[in-house]
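Please read it with the sequence and the model open.

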Amino acid sequence: MGEEVTRKEDKRFITGRGNYVDDIKKPRMLHCEIVRSPHAHARIEDIDGSRAMALDGVVAVLTADDLLEHDLATMPTLMDDTQDVLVNDKVKFQSQEVAAVIATDRYVAKDGAEKVEVEYEVLDPVVDAEEALEEDAPLIREELDDQEDNHIFDWETGDKEETQEIFDAADVTVEEEMEYQRLHPAPIETCGCVADWDPGDDKMTVHMTSQAPHAHRTLFSQVSGIPEHKVRIVSPDVGGGFGNKVPIYPGYVVAAAASYVLERPVKWIEERSENIQTTGFARDYDMTGELAATEDGEIQGVKVDVLANHGAYNAAAQPSKFPAGFFNIFTGSYDIEAAYGSLTGVYTNTAPGGVAYRCSFRVTEAVYLIERMVKVLADELDVDPAEIRRKNFIPSDAFPYESATGWNYDSGDYEKALDKALEMADYDHYREEQQRRIEQDADKLIGIGISSFTEVVGAGPGKQCDIAGIEMFDSADLRVNPTGNAVLRVGVQTQGQGHETTFAQIVAEELGMDVDDIVVEHGDTDTEPYGLGTYGSRSTPVAGAATAVAARKVRDKAKSIAANELEAAEEDIEWDRESGEFHVAGAPDRSITITEIAAGAYMNHPGSEEPGLEATNYYDPPEMTYPFGSYIVIVEVDRETGEVDFEKFVAVDDCGNRINPMIIEGQIHGGLAQGIGTAMMEHVTYDDNGNVTGGDFMNYLLPTAKEIPNFETGHTVTPSPHHPIGAKGVGESPTVGSPPAIVNAVVDAMSHAGVSHVEMPMTPDVVWESLDEAGLAI
Ligand code: CDP
C-alpha cells in the first residue's frame, strides 16, 4: 500500500499484446453492419434488402420482423423502459438501428448496408427538452399506453416548505440558470462484440466491450431466454469505458441473434460516429440554482430545478431507485440547513442515454451546480470565493455527517485540502495580479476559479443501489497456490485503471506477498465471482474492500496452518504486517512466511482444517465513500479573441488511504483532461431537424496534448472509517471537480464587469460574447 508499483498490465499494452474485442478472429466468423435511419422521426413504410442480398458475401439482412420471430424485437433499458432492437414501426432518433446486414467480410457488410432500401414517412422531430413539453409537440412514444405527451417522470428531494421558509427570510438570495450540455464519454475503443452460439453445447459466448460482464450476462439471459449458465460474457482488454459501456446496445443483441440463427460467430464493431450518435450520452441537464444566505455569507438554503433530456427512451444507466442518479448530493461540501430539488425527465428525438460519464450517476451535474452557485453568491456579496467556502464547509469534526437531502458523508477535511490548494496556486499573488491587470486595462484578464467538491462513490449498499434489480455488491476470490503465488479473481472490470496492479497490492499488503506473485483476473463470467462491474469509481470502494476481506480470511486460515507448522497453539500465532510473517507470540524468530504456509496447506494440512488456502468475499458496503478535493484554476482571458489560456492548474485530491500514488496521479491527469474537454470544447449538438451536428470527431472536439496544461497535483489523506483499508474511490473526482473550477475562473476574469455565468463549452466565440456584453471586448 502506498507504493508507486509500476503497472503490471503495461508490459502487454506497450508491446502491442493487448487483446481487444476487434482483435478476436474466429473460424467462419461473419460481420454485422447496422443500417441506420437518416431521419430523427419517421415511420418505416418498407424495407427492401434484396439488392444487399444480391451482393457476393452477404449472408443475411435482418429486420425487426426477423427478430420478432425470436421474441427479440425489443429489449429492456436499465431504467425499465423498452427500446426497439431494430426499429419496428417508428424511428425516434437519427441513426437509430433499422436493419442489419451480415456478411463474410466487414467491407461487404458495409456495402450491403448501403444497398438496403428503406422507405420512410418523415415526421416532425423535437430535440429540445423544453419544446418537447409544449402542447403541440410531436408525440414521440405513441406505442406506450397512456403516454399522451413527452413527459417521462418528475422527481423531488429535500424539504420544499422548510427550504422556502428559509428563502423567504433570507438576507440575500441569488439565482442562476446553467446548462450542463450533452456530452459523450467517447472512449478510444468504440463498442463491439463477437457473439458465438455453439449449438453443440447450447451455449452463447459473447466477447464484448463490457464494464459489467456479470450484469450483462443476466440481462442477456433474460432477453434471449438462454439459461444464464449457458451464457458466457468475456470482456477482454477494454479501451476505456467512462460509463459508455454499461448499457446493453442493439448491436450486441443483433449480433447474438444473427449468430444464433446462422450458427456462426458474428462480429459487430461500431464506427466512431455510430458510437457518438447512438450509444449512451451523458449530462444534458438544464438547471436553475438558487442560494439563500445571510449578508455575511452563511449559506442557509439551496434550491434547484432541472429539465433533463433523456432522449427517445429512458435508458439512463443508474440504480433503478434513483431516477436522477445521485444528483441529490447538490448540497456539496457545505453545511446547509435546508435543500430542495425537483427534476422533470423528458423524451426527445435524440439518442437515449444519461450514462454516468466518469462520474457517480449525476454527481457531476450536482457538483457543477453548487460550485457555480457558491461563486455566484461570492460575487453578489463581494467576498472572496475561498473565504465563503471556508465559512460554509462541513467542519472536519462533524463527520459522519448527514446532509439535508439524506446522504451520510463518511469523512472529510475540506479546509485542509483548500488551504493546500491555495498555497500551491500562490493564490494571493494571482489575486494581486488580477487587480493590477484590471487597473491597467490590460489586454489579457486574469481569472481564478475554485471548486471544493465532494463526490459520492462506491455504490451499493445493495439495499439502495442496483442494476436492473441486481444489488450492487462486489466480490473477490483469492487462491494461494501450493508454491506460494496467488490468483485473485474479481467481479469488477478494468478499462485501463490499473486494477491488475492495485488489487495485487492490496493482497500483497494483507498477506506479506510480493506483488509480482499475484495475478488478477477479471472479465470472464465463467471463472470470476459475480460482481456488478466498474463505473461510478466503485472498484476500490467495493471490490477493493472485498479483496482485503478475502485476503484477511486467507490470513485467518493461514494462522491455523502456521500453528501446525510451528507446533504452537493457534491463539499464540501473530501476524506481523511489518515483516509480512506469522510468528509465535513472544518468539519472533519462530516465524513462517505465507509461501511456507501455502506449502503446508496443500502438503501437510492440519486435520482440523480443509486442505487448500483460498477464500471468497461478497462485499456489500455499509455506506458509500466520499472522496473530495479542491481545485484552483488560473486563466488568462484574451479580450481581443475570447481565447482562454491556462496559467496554472492545481488539483488537491483526498481519496482516503492511497494504494498506488502513481496510478492515482494518472487517474487525476486523465480526468482533468476530460474536465477541460467538458468546459472548453465538447458538445453533442443537434439541428432543428434532429440531425446530429456534433456526432463525429470533426465536430465533437476532444482535447489533445496541445490544449492540456501542466497539472500540479497534491493530496491530503482522510481515511474512510468504514472501508477495510480506509480507501475511497478516486477515478472520477477530476472529471467531476474540474469543470466548475474552470468556468468559475473564466467568469472570475469578467465578474468585475458584472458577468455572472458563461455556458459550457466555453469556446472563444462564447467567451468573446460575454466580454462584449460586459463591455470588456477590444
Ligand atoms: O472504479 P474505478 O477503477 O474506475 O475507480 P477507482 O476505484 O477510483 O480506482 C481507480 C484506480 O486508482 C484503481 O487502480 C485503484 O485501485 C486506484 N486507487 C488507489 O490506488 N487508491 C485509492 N484510494 C483509490 C483508487
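1. Arg-12 has a relative accessibility of 24% and therefore counts as partly exposed, where buried means under 20% relative accessible area, exposed over 50%, and partly exposed in between (1.4 Å probe, protein chains only). Glu-500, at 10% relative accessibility, counts as buried. Arg-12 and Glu-500 form a salt bridge in which the closest N and O atoms are 2.9 Å apart; a salt bridge here is a side-chain nitrogen of Lys or Arg within 4 Å of a carboxyl oxygen of Asp or Glu. The pair links distant parts of the chain, 488 residues apart, with Arg-12 in helix H1 (residues 10–14) and Glu-500 in helix H14. Helices (H or I, at least four residues) and strands (E, at least two) are DSSP runs, numbered from the N terminus.

2. On the basis of the model: it is predicted, local features need pLDDT of at least 70, side-chain atom pairs count only at pLDDT 80 or more, and totals for chains, interfaces and linings use all residues. Residues are numbered from 1 along each chain as its sequence is written, and side-chain values use heavy atoms, with hydrogens and water left out.

3. How many salt bridges does the structure hold? There are 47. One of them joins Arg-43 to Glu-121, with the closest N and O atoms 3.7 Å apart. Arg-43 sits in strand E2 (residues 42–48) and Glu-121 in strand E8 (residues 117–122), so this pair ties together parts that are 78 residues apart in sequence. Arg-43 is partly exposed, with a relative accessible area of 23%, and Glu-121 is also partly exposed, at 35% relative accessibility.

4. Another salt bridge is formed by the side chains of Glu-271 and Lys-110 (3.0 Å, N to O). Glu-271 belongs to the loop between strand E14 (266–269) and helix H9 (272–278), and Lys-110 to helix H4 (residues 106–115), so parts that are 161 residues apart in sequence are tied together. Glu-271 counts as partly exposed at 29% relative accessibility, and Lys-110 counts as partly exposed at 29%. Elsewhere, salt bridges that share partners join Lys-375, Asp-379, Asp-384, Arg-431 and Asp-748 into one network.

5. Which residues are closest to the ligand? They are Gln-497, His-499, Ser-539, Thr-540 and Val-730, out of 23 residues that surround the ligand; a residue is near a molecule if one of its heavy atoms lies within 4 Å of it. By class, this shell has seven nonpolar, 13 polar and three charged residues. In that count, Ala, Val, Leu, Ile, Met, Phe, Trp, Tyr, Cys and Pro are nonpolar, Asp, Glu, Lys and Arg are charged, and the others, Gly among them, are polar.

6. An N or O atom in the side chain of Ser-539 is 2.7 Å from an oxygen atom of the ligand. A polar backbone atom of Asn-660 is 3.0 Å from an oxygen atom of the ligand, while a nitrogen atom of the ligand lies 3.2 Å from a backbone N or O atom of Lys-728. The ligand taken alone exposes 520 Å², and the protein buries 98% of that; accessible areas come from the Shrake-Rupley method with a 1.4 Å probe.

7. Why does the ligand lie between two domains? Domain 2 (282–395 + 407–458 + 623–773) and domain 3 (474–619) both give residues to its shell, so the ligand lies between them. The domain bounds come from an automatic or database domain assignment. Helix H14 (499–511), helix H15 (539–566) and helix H17 (661–680) each supply at least two residues of the shell.

8. Some backbone geometry deserves a look. Most residues other than glycine have a negative phi, and most peptide bonds are trans. The peptide bond from Phe-399 to Pro-400 is cis, with omega near -5°, and Pro-400 lies in the loop between helix H11 (385–392) and strand E18 (401–402). The bond from Met-760 to Pro-761 is cis, with omega near -5°; Pro-761 is in the loop between helix H18 (733–750) and helix H19 (764–773).

9. Arg-28 is not a glycine, yet has a positive phi of about 65°. Arg-28 is placed in the loop between H1 and strand E1 (30–36) and counts as exposed at 53% relative accessibility.

Methods:
A polar contact is a pair of N or O atoms within 3.5 Å; within protein, one must be able to donate a hydrogen and the other to accept it, and residues adjacent in sequence count only if both atoms are side-chain atoms.
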